[in-house]
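Visitor: I have this one open on my screen and would like to talk it through with you. Could we begin with the ligand and then move on to the fold?

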Amino acid sequence: MDITSFIANMPKAELHLHIEGTLEPDMMMSLAERNNVSLPYSTIDEVRAAYNFASLQDFLDLYYQGMNVLQTAFDFYDLTNAYLTRCFAQNVTHVEIFFDPQGHTSRGLAFETALDGITSALDEAERSLGITSKLIMCFLRHLPEDAAFETLESALPHKDRIFGVGLDSSEKDHPPPKFMRVFKAAREAGFIAVAHAGEEGSAANVADAVDLLEISRIDHGNAVLDDVVLTDRISAAQIPLTMCPLSNLRLCVVDDLANHPVRLALQAGLLATINSDDPAYFGGYISENFHAVQLALNLSFEEICQLGRNAYLGSFMNDEQKAAALALFDAFAADNTP
Ligand code: HPA
Ligand code: ZN
């Protein structure tokens with residue numbers, strides 16, 4: 001099997017995916033119509049033409065605008081279901097996905113509207129497609145910590161359906177110390193913690209997210225490689241990094257995929273993984289991310305296998321599930337590598 005087919009067919013886990021970032025232009029248009037929401041676009045081509053980002057903030061402005069079309073639990077169900085259907089087609093067997101409750105409660109939706117729609121699609125996908133999942137709610141870091149506390153309060157009755165808390169939105173000007181108290185409260189309530197760090201921000205942000213927010217996984221983490229001491233520390237602790245090559249390219253975090261740090265991350269012993277972040281906005285789901293970075297860096301079968309295994313190792317599956325998933329992955333690799 002050639003490496004392109006290998007990537008397409010290998011069992012995969014996705015650990016960094018914002019469900020609101022899977023809103024494809026055609027669904028955006030049809031939900032706008034269904035819910036009578038006006039959009040500044042009249043065709044799908046116009047939507048796509050607007051997706052030309054110079055920075056994370058440029059993207060976030062359109063991402064929050066796009067969310068306006070999501071109004072009912074049924075909309076969130078349709079959105080999540082469409083993503084999971086694509087996962088099945090790409091042989092993704094496990095997903096750990098984010099949602100942004102404050103992007104919806106700030107528009108007057110109940111916390112439960114998004115949660116109910118997303119989790120009903122996740123439950124159904126486990127039954128009908130065998131795709132397992134965990135749900136992580138992110139705090140929007142451009143909002144005050146008090147707002148994050150309110151969101152945490154809303155989540156407490158739903159701990160059976162929300163596995164962890166994360167931190168996303170604008171990294172510039174909103175570093176980890178701002179959210180120390182709410183992360184502590186969330187961890188004490190039994191949520192695992194992750195955070196976006198070192199995407200547009202520095203290695204110091206990653207160190208603060210690890211030390212002050214006590215996160216179990218780093219989202220992006222590109223900047224880790226800028227600091228040798230931190231790299232050694234994150235590598236020794238095997239704290240996973242959820243990297244997103246096409247996102248980094250489209251948000252100008254890297255100027256060229258040939259300069260993406262994922263190979264350096266593997267060489268440094270970091271538990272790096274490949275993910276799609278906001279695939280509808282960045283031009284590809286998980287397989288396209290693997291294909292693009294493999295081509296740009298000429299990654300070997302061994303490197304692709306390492307990235308594929310790392311996703312299961314870095315997941316929040318329990319040890320038994322992890323061992324079973326890794327056994328399947330290794331059997332696939334043994335049968336299909338040259
Ligand atoms: N970074 C920060 N916030 C986000 C992202 C991202 O890549 N995607 C959705 N919200
Ligand atoms: Zn992200």
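Visitor: So which residues are around ligand 1?

Guide: Bearing in mind that this is a predicted model, the residues around ligand 1 are His18, Leu56, Phe59, Leu60, Tyr63, Asp168, Ser169, His196, Glu199, His220, Asp277 and Asp278.

Visitor: And what lies 2.8 Å from a nitrogen atom of the ligand?

Guide: For Ser169 it is a backbone N or O atom that lies 2.8 Å from a nitrogen atom of ligand 1, whereas for Glu199 it is a polar side-chain atom that lies 2.8 Å from a nitrogen atom of the ligand.

Visitor: What about an oxygen atom of the ligand, which side chain is 2.7 Å from that?

Guide: That is Asp277, where an N or O atom in the side chain is 2.7 Å from an oxygen atom of ligand 1.

Visitor: You listed His196 around the ligand. What does His196 stand opposite?

Guide: His196 stands opposite Asp219 in strand E6. Strand E5, residues 192–197, and strand E6, residues 217–220, pair in the parallel sense over four bridges.

Visitor: Where does the chain go from E6?

Guide: From E6 the chain crosses through helix H11, residues 228–237, to strand E7, and this β-α-β crossover is right-handed. E6 and E7, the latter covering residues 241–243, pair in the parallel sense over two bridges, with Ile218 opposite Leu241 in E7.

Visitor: Switching to aromatics, how many pairs are there?

Guide: The count comes to 16 aromatic pairs. One of them joins Tyr51 and Tyr281, and this pair is tilted, with 4.7 Å from centre to centre and 40° between the planes.

Visitor: Why does that pair tie together parts so far apart in sequence?

Guide: Tyr51 lies in the loop between helix H3 (44–50) and helix H4 (56–67), while Tyr281 is in helix H14 (residues 279–282), so the pair ties together parts that are 230 residues apart in sequence.

Visitor: Are those two tyrosines buried or exposed?

Guide: Tyr51 is buried, and Tyr281 is buried as well. Both belong to one aromatic cluster, formed by Tyr51, Phe53, Phe59, Tyr63, Tyr64, Tyr281 and Phe282; of these, Phe59 and Tyr63 are also among the residues around ligand 1.

Visitor: Last one: which ring does the charged end of Lys134 sit over?

Guide: The charged end of Lys134 sits over the ring of Phe163, at 4.7 Å from the centre of that ring.

Notes. Residues numbered from 1 in each chain as written. Chains lettered and ligands numbered in written order. Predicted model: local features only at pLDDT ≥ 70, side-chain atom pairs only at ≥ 80, totals over all residues. Heavy atoms only, no water. Pairing = 2+ DSSP bridges. Right-handed = clockwise from strand over helix to strand, strands pointing away. Phe/Tyr/Trp six-rings, centres within 6.5 Å; stacked < 30°, edge-to-face > 60°. Buried < 20%, exposed > 50% of the residue type's maximum accessible area, 1.4 Å probe, protein only. Lys NZ or Arg CZ within 6 Å of the ring centre and 35° of its normal. Near = heavy atom within 4 Å. Polar contact = N/O pair within 3.5 Å; in protein donor to acceptor, adjacent residues only side chain to side chain.
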